[in-house]
Amino acid sequence: MTESSDPLRLKVAIVGSGIAGLTAAIALRKHPNIDVALYEKATELKEIGASIALGPNGLRTLQRLGLDNAISDEVAYRGPSNIPMVYRHWKTNEIIGADLHENVTEYLHQTARYHRGHLHQALLDNVPKDIIHLHKKLVSAPVESEDGVTLDFEDGTIATADILLGADGLRSGVRTSLVPDYQLKWSGWTAFRSVFDASLVEGIPDLPPDSTHWWGPGTNFFASRLGKNSFTVVGGVNGNPKDPSAPLKDVHWDQEASVKLLRDKYADWNPVVKALTEITPSIRFYPNLSGSSLSTWVFGSRTTLIGDAAHAHGGAHATGGSIAIDDAYCFYLALLSVFPFMATRKPTSAEIQKALNLYEATRKPHAERLLKKVHAANTAKAVKVAAGTLESDEELRARASKGSDTNWLHEYDVVQAFEETLARRDKEISESPEEISAKL
Ligand SMILES: Cc1cc2nc3c(=O)[nH]c(=O)nc-3n(C[C@H](O)[C@H](O)[C@H](O)COP(=O)(O)OP(=O)(O)OC[C@H]3O[C@@H](n4cnc5c(N)ncnc54)[C@H](O)[C@@H]3O)c2cc1C
C-alpha cells in the first residue's frame with residue numbers, strides 16, 4: 001500500500017478540521033512537497049459554538065503563519081487595558097484580582113476574544129476547499145504498513161497517507177480507535193453560554209470594558225466583548241462529578257436551555273451581572289469534560305494527535321485554542337526537521353517516527369503540566385461540592401488576589417520550546433557512552 005509513487009511528495013491526512021486541524025493544514029501547505037487532506041465528520045462547517053480566547057502564544061503562532069486575518073481587530077476583541085482577565089467580587093463588583101501579561105509588547109499578541117465560529121472561518125479562509133472532505137467520520141484504528149497508513153471512514157470509504165494527524169477534538173475518533181479504554185469524565189461544571197450582538201449591552205451602567213470574571217461562592221460569571229461586535233456571557237453550575245444524579249450532568253454539548261435558569265442563578269448578584277442576565281436573549285448548555293494524560297502521543301511510526309484529541313483538559317484557563325495552534329505548529333517544525341524544503345526524497349518511516357517523537361517530547365510535558373493543574377483544581381472543587389461547603393469570602397478574595405498563575409501557559413513560545421528539545425537531543429547524541437553510564 002504505497003501512498004504515492006512520487007518519491008518526493010509526502011501526504012499528511014488530518015482527521016478533524018477544527019482549530020488544530022486547520023492550523024496544521026495551513027502550516028504544512030507552506031512546504032512545497034507536502035500534500036494535505038482534511039477529513040471532517042461534519043456534513044457542513046457551520047458557525048456553532050460560543051466564545052473562545054486566544055492568548056499571546058497562539059496569536060504569535062498565527063502571526064508566524066502570516067494569518068493576519070485571524071488575529072486582527074476585524075475579527076477579535078482586545079480590551080482597552082491590556083489586562084487579559086479582571087476578577088471582580090460577585091456581590092460588591094469591586095476588583096479583587098487580575099491576570100496581567102508579563103512579556104507581551106506587541107498589541108496583536110494581547111489576549112483576544114472571538115466567537116469561535118469567526119476564528120474558525122478566518123482559518124478556513126486560508127485553506128482551499130478542495131482539500132477538505134466532509135462527512136468523513138473516522139471509525140476504526142488506522143492500519144499502518146512500511147509505506148503508509150490507511151484510514152477507514154463510516155461511509156465505507158478509505159484514504160491513504162504517509163502520516164495521520166488526529167486533530168478531531170475532545171471526543172477524538174482517532175484516539176478512541178487507538179486507546180479504546182480512554183475515558184472522558186464530567187468535571188463537575190456545566191456552563192450556560194450565550195453570544196449575542198453587543199448592541200444589547202449598551203446602556204448597562206458600570207459595565208467594565210475589559211473581559212471580567214466575577215467570582216462568587218459556588219459559581220462564577222464571565223462577560224466579555226468579542227470581535228465583530230459580539231458579546232458573550234458565561235455562567236454555570238458546579239455539581240459533584242461522583243453523583244450520578246447531579247443536576248445538568250448529562251445535558252448535551254450545545255443543547256438549548258432556558259434563559260430563566262441563568263437569571264434565577266444570578267438573581268442575588270451585583271446589578272451589572274443581573275443586568276447582563278436580563279438582556280441575554282438565550283443560553284445553551286456546555287458540560288465540561290476532561291480526561292487523563294495519555295501514556296503516549298505517538299502510535300506506530302506514522303500517527304500522532306494534536307489539540308484536544310491529545311490532551312482533554314476541558315478548555316480550562318481559556319487555552320484550548322492556543323494550545324491546539326501551538327501543537328499544530330510544533331508538529332510542522334518537527335516534520336521540517338526530517339523533511340526540509342530542500343529534501344530530495346520524502347522521509348522514511350523511521351525518520352517520520354523521529355519527527356513525531358520530537359513533537360511529543362516538546363508538547364507532551366507542557367500539556368501534562370496543564371492537565372495536572374486542571375485535575376487538581378477539579379478535585380479540590382469536587383471535594384467542597386460533595387461536602388456541601390462553600391468557600392468563605394476571605395478564601396475567595398485570597399484566591400482571586402493570586403490570579404490564575406498561568407503566564408507559563410499563555411506566554412509560552414513554541415519555537416523556543418522546540419529549539420530546546422532539539423538542543424537536548426543533540427546534547428544526548430553527543431554524550432559519550434562513558435558519560436551516559438556515569439549518569440546511570
Ligand atoms: C463546532 C464546535 C464549536 C466549539 N465551540 C467552542 C466554544 O464556543 N468555546 C470554546 O472554548 N471551545 C469551543 N470548541 C472547542 C474548541 O474549538 C477546542 O477546544 C479547541 O479549539 C481545540 O481545537 P481542536 O481542533 O483540537 O478541536 P475542535 O475545534 O473541537 O475540532 C475537532 C474537529 O474534529 C471533528 N471530528 C470529531 N470527531 C471526528 C471523527 N471521528 N472523524 C472526523 N472528524 C471528527 C469535529 O467535527 C471538529 O470539526 C468548539 C468545537 C467545535 C467542534
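Arg175 belongs to helix 5, which spans residues 173–178. The model is a predicted one. Within it, Arg175 is buried but takes part in no salt bridge.

- The nearest side chain of opposite charge to Arg175 is that of Asp168, 7.0 Å away.
- A salt bridge requires a side-chain nitrogen of Lys or Arg within 4 Å of a carboxyl oxygen of Asp or Glu.
- Leaving aside residues up to four places away in sequence, Arg175 touches Gly169, Leu170, Tyr182, Leu184, Leu294, Leu305, Asp308, Ala309 and Ala312.

**The second largest pocket**

- The space in the second largest pocket amounts to about 450 Å³.
- Its lining consists of 18 residues, and Lys185, Trp186, Ser290, His375 and Thr379 are those nearest the centre of the pocket.
- Three elements each contribute at least two lining residues to this pocket: strand 12 (184–197), strand 17 (283–291) and helix 9 (349–387).
- Helix 9 provides the largest share of that lining, with five residues.
- By class, the lining of the second largest pocket comprises nine polar, six nonpolar and three charged residues.

**The largest cavity**

- Two cavities of 30 Å³ or more are counted in the model.
- The largest cavity holds about 80 Å³ of space.
- Its lining is formed by Tyr77, Arg78, Gly79, Asn82, Ile83, Pro84, His101, Gln110, Thr111, Arg113, Asp210 and Ser211.
- Six polar residues, three nonpolar residues and three charged residues make up the lining of the largest cavity.

**The second largest cavity**

- The volume of the second largest cavity is about 50 Å³.
- The residues around the second largest cavity are Leu207, Pro208, Pro209, Asp210, Thr212, Trp214, Ala223, Ser224, Arg225 and Phe231.
- Strand 13 (212–215) and strand 14 (220–226) each supply at least two residues of the lining of the second largest cavity, and strand 14 gives the largest share, three residues.
- The lining of the second largest cavity contains six nonpolar residues, together with two polar and two charged ones.

Methods. Residues are numbered from 1 along each chain as its sequence is written. This is a predicted model: local features need pLDDT of at least 70, side-chain atom pairs count only at pLDDT 80 or more; totals for chains, interfaces and linings use all residues. Side-chain values use heavy atoms; hydrogens and water are left out. On a 1 Å grid over the protein atoms alone, a cavity is a set of points where a 1.4 Å probe fits but cannot get out, and a pocket is an open set with protein on both sides within 12 Å along at least five of seven lines; lining residues have an atom within 4 Å of a point. Grid points are joined across faces, edges and corners, and a volume is the space filled by probe spheres set on the points. Helices (H or I, at least four residues) and strands (E, at least two) are DSSP runs, numbered from the N terminus. Ala, Val, Leu, Ile, Met, Phe, Trp, Tyr, Cys and Pro count as nonpolar, Asp, Glu, Lys and Arg as charged, and the others, Gly among them, as polar. Buried means under 20% relative accessible area, exposed over 50%, partly exposed in between (1.4 Å probe, protein chains only). Lys and Arg count as positive and Asp and Glu as negative; His and the chain ends are not counted. Contact means heavy atoms within 4.5 Å.
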